[in-house]
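Colleague: I have this chain open and would like to go through it with you. Can we take it piece by piece?

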Amino acid sequence: MARLAVISAKGALPVQICKAHPDALPVTLAGVGHDLTGPTCEHRFEHLGALFDDMKAQGVTEVVMAGAMSRPDIDPTALDGFMQANMARLMQAFQQGDDALLRVVIAMFEEQGFTVRGAHEVLPGLTAEAGLLAGPAPSEAHLADAARAKDILNALGPLDVGQGAVVAAGLCLGIETLQGTDALLGFVAETPNHLRRARGVFVKAPKPGQDLRVDMPTIGPNTIESAVKAGLDGIFVAAQRVLIVNRKETLRLANENDVFLYGQDDL
């Protein structure tokens, strides 16, 4: 019988998955923050070989990676045999961006016989459906700004820069980078009014070729609150390719603040 391991980092998503799968093995990495409250199977990143052995011993056959995981600091003197054999490919991926690194990590798990699942596969109903999800309907001007943001993200996608952009009346007010969505929206909130010709919209979508099993873009209540503080009219997300965590609260906040949340097929 298949058993799931939840490789957990910060955020509500790993908590939701573990609650929905009480028999799953919660796995954490030393030095990487998480919000799980019960006991976990913790290993150092330098000891991935030991982690793989531990998961196999506990009957794990499937793995889901969830939460906001920062790049770990690696102590080269503490590598186990598996990591010593694979460090060169990891270091090469480290130099190529997050997508390349995640592809190598996925390959390592698959080479050990584990099936890597997406959070949306083990917790149905997470992704945003197409159409208006909350708030007032977007206008034609909003749709035009969303199209402009999509062009920006598509142009930056091959450079592995980010998953979001803010556009107002055709002007780009910010692009999501390594610091994440909250940092982007915080930056936009500080934009002087004389530089803005409209309130603007935030667009969240995966990069071209992004592996959605381990890095599907995510929004939640914090995203709505940050969008409100940034003075935006609404948020467009790629339908079926963006996760909504704490969905009920996210939609409530959007409706309460008259911020639209719209799932768009062509993002």
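Colleague: Which helix does H142 lie in?

Modeller: H142 lies in helix α6. Helices are DSSP runs of H or I with at least four residues, strands are runs of E with at least two, and both are numbered from the N terminus. Before going on: this is a predicted model, where local features need pLDDT of at least 70, side-chain atom pairs count only at pLDDT 80 or more, and totals for chains, interfaces and linings use all residues. Residues are numbered from 1 along each chain as its sequence is written, and side-chain values use heavy atoms, with hydrogens and water left out.

Colleague: Is H142 buried or exposed?

Modeller: H142 is buried, at a relative accessible area of 15%. Buried means under 20% relative accessible area, exposed means over 50%, and partly exposed is in between, with a 1.4 Å probe and protein chains only.

Colleague: What does H142 touch?

Modeller: Setting aside residues up to four places away in sequence, H142 touches V201, D233, F236 and F260. Contact here means heavy atoms within 4.5 Å.

Colleague: And A149, where does that lie?

Modeller: A149 lies in helix α6, which covers residues 140-156. A149 counts as buried, with 0% relative accessibility. Apart from its neighbours within four places in sequence, A149 is in contact with A165, V167 and V203.

Colleague: How many Å separate the C-alpha atoms of A149 and L29?

Modeller: They are separated by 35 Å, and the two residues are 120 residues apart along the chain.

Colleague: L29 is in a strand, I think. Why is strand β2 described as largely enclosed?

Modeller: Strand β2 is residues 25-29, and five of its five residues are buried, so the rest of the structure largely encloses it.

Colleague: In what sense do β1 and β2 pair?

Modeller: Strand β1, residues 4-8, pairs with β2 in the parallel sense, over three bridges. Two strands count as paired if DSSP finds at least two bridges between them. I7 has V27 of β2 as its bridge partner.

Colleague: Change of topic. What is the phi of A169?

Modeller: A169 has a positive phi of about 50°, although A169 is not a glycine. Most residues other than glycine have a negative phi. A169 lies in the loop between β7 (164-168) and β8 (171-175), and A169 is partly exposed at 31% relative accessible area.

Colleague: What about N246, and which loop is N246 in?

Modeller: N246 is in the loop between β12 (243-244) and α10 (247-256). Phi of N246 is also positive, near 45°, in a residue other than glycine. The relative accessible area of N246 is 34%, which makes N246 partly exposed.

Colleague: Now the whole chain. How many helices and strands does the secondary structure come to?

Modeller: There are ten helices and 13 strands. The radius of gyration is 19 Å, close to the 18 Å that the globule rule gives for 267 residues, so the chain is as compact as a globular protein of that length. That radius is taken over C-alpha atoms, and the rule is 2.2 Å times the number of residues to the power 0.38.

Colleague: What does the C-alpha trace span along its principal axes?

Modeller: About 60 × 35 × 30 Å. Of the 267 residues, 49% count as buried.
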